[in-house]
Amino acid sequence: MLRRWLFPAVLIPFVTVVALSRSAYAAPPRQSGMASGPPSKAVYDSQHRPITAGGFVKTGPIVFMDVAKQAGLTAWHHRAGTPEKKFILEAKGPGVCLLDYDNDGWLDIYLVNGSTYNALDGKEAAPQAALFHNNHDGTFTNVTAKAGVGNGRWGFGCTVGDFDNDGWPDLYVTNFGKNRLYRNNHDGTFTDVAEKAGAALGTWSAGATFGDYDGDGRLDLFVDGYLHYDYKNPPVSGSKIVDYKTCAFRGTPVMCGPAGLPGEHDHLFHNNGDGTFTDVSKKLGVSDPPGYYGLGALFADVNNDGKPDLLVANDSTPNYLYINKGNGTFEDESLESGYALNEDGREVANMGIAAGDYENNGHLDIVNTTFSDDYDVVFRNDGAGNFTDVSYETGVAAPTIPFVGFGDGFLDYDNDGWKDLLIVNGHVYPNVDQHPDWGTSYAERPLLFRNLKNGKFDLVPAVEGTGLAVVSVGRGAAFGDLFNNGKIDVVINNMDGVPVLLRNVNPDHHHWVELKLIGGPKSPRDAVGATVYLNADGIRQRGDVLSGGSYLSSNDMRVHFGIGDAKAIDSVDIHWPSGAKETLKLPAVDRIFTIAEGKGITAAMCGGEACPAETTAKPSVR
């Protein structure tokens, strides 16, 4: 831990510094873009394609297939600014959220859209976000207009949480400009109550996450800020707005920022229980006074004390880790914990946050995605909220260096009881395609790492024609069981493109269970913040109910466990947000169980339909 104190948190440029106006940045120029490391050696495949858009194999395991077109998602298209991406506003976003908005037991999909400068000026219709209703047959229907969630603003991210505890998921959308808080009306429609609730802001917001930080049973809301941006006076090289006379990546002119531009601050909104929120970020010390460039955000219990801590992934600046003290306050332990910087003591261009117990030791580990020329960082948790960068040790570092990572998540794709890792990639500079000697590409393929059950991962080969060989300008990614078949799928929202739906077609026949939790009177209704420990076949797994994470996205809140060849569950221990602890015995496997706090199993789904009558499990309270 001492090692990290030896390196000062110095702001690392997003662009090459050719000339600096502030002596604090008077360091030798680096060809690094958002990365803090030196340019990496180009990696090509046998056909001399950059590894980011190549490296495919003819045969191998087929894990995912892109079924977005068959599912009806590709009629919708994301749009942000111009194809050239002259300004940083055009290069971030979009996120994607999974939520069962109509409570029919099937996940629906919300895709955030961007905007255009003409739309901001009222000269053309604004691009619309999309809510796709799950039809239970592998297809989805666009119900945006009816639901009233088109946004119509320059959108970036979204997160899901039942902020009013009425049993229906609500949706928060972050924008350049005022944000939206879509309250679920229980009839297939939503109402934007952000301004009435006091949570609209009006700057450039990015990541958001719900969590009950003070234990009052109501979901609070954290929203991080990216940077201060005036689209009427955009940052260009040599302007008074930008600290750098030339904004370049590897000697080529590119958009300016974020370094050299003023950052926006972060906001924590306390839920007042009456439909309104109070901004307590400054009072609690989580407002980000330096103005770091916030992207990923996640409430998660990293020190196993039953209280949600707060992680913020900052672009080109140190990360934040705020430890929940259990009395309604936080302590900034970013540097002390080892989460602020990578193993070399450098801040990197942090994008997404994946949280999961990949070693099955009960500790919540974290993976942050980063820019090319740097590796995606695997932070191993000692269980007390202290992190060690084990990226190279796990086998994740080296393959990720050429890629620009955004969305990421832990998922047990083969249901063997060990969490695997998927990372979604896509560059931010379209003109990298004009420089084949750089060994990178604008559109990039995803990376899937298989858990080897020994603390290491192995990269799964990308078979031609399968989902892992899809090349797109990936951004947000959300993970969940879209087809209620016990396999985790992935929805990817792409920059200036159509979505990708990676359907899990892995041929394993392993068993699984999924748990939809319903909190009691002293917990949030959707049980955000709950931790589940499942014991089966000699393995104790951990799963958490989380809101937000990945990159500006939000995953299936049902907790999923693969159990390999085990045909029975020994026990399930649930640590509820209220502090209550319950132990249950599940009556079967390959089921989606609904469990209510203090009441045990209240429903079960088999093959997407209600199961025949089964013995319900009453909990034992500890």
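Select Asp590 and His511 and show their side chains: in this predicted model, the two side chains make a polar contact at 2.8 Å. A polar contact is a pair of N or O atoms within 3.5 Å; within protein, one must be able to donate a hydrogen and the other to accept it, and residues adjacent in sequence count only if both atoms are side-chain atoms.

Stay with Asp590 and colour by secondary structure. Asp590 lies in the loop that links strand E37 (581-584) to strand E38 (591-596). Helices (H or I, at least four residues) and strands (E, at least two) are DSSP runs, numbered from the N terminus.

Which residues does Asp590 touch, leaving aside those up to four places away in sequence? They are His510, His511, Trp512 and Val513, where contact means heavy atoms within 4.5 Å.

Next, select strands E21 to E24. They form an open sheet of 4 strands in the order E21-E22-E23-E24, with antiparallel pairing. Strand E21 (353-356) and strand E24 (387-389) are at the edges with a single partner strand each, so one side of each has no neighbour in the sheet. On average, neighbouring strands here are turned by 25° against each other, direction ignored; the axes are lines fitted to C-alpha atoms, and angles run from 0 to 180 degrees between N-to-C directions.

Zoom in on E24 and its partner E23 (residues 377-381): the two pair in the antiparallel sense over 3 bridges. Strands count as paired if DSSP finds at least two bridges between them. Pick Asn381 and you will find Phe387 of E24 opposite.

Finally, zoom out to the protein chain, which has 9 helices and 41 strands. Its C-alpha trace spans about 70 × 55 × 55 Å along its principal axes. Of the 622 residues, 65% are buried.

A note on reading the model: residues are numbered from 1 along each chain as its sequence is written, and side-chain values use heavy atoms, with hydrogens and water left out. Local features need pLDDT of at least 70 and side-chain atom pairs count only at pLDDT 80 or more, while totals for chains, interfaces and linings use all residues.

Key. Buried < 20%, exposed > 50% of the residue type's maximum accessible area, 1.4 Å probe, protein only.
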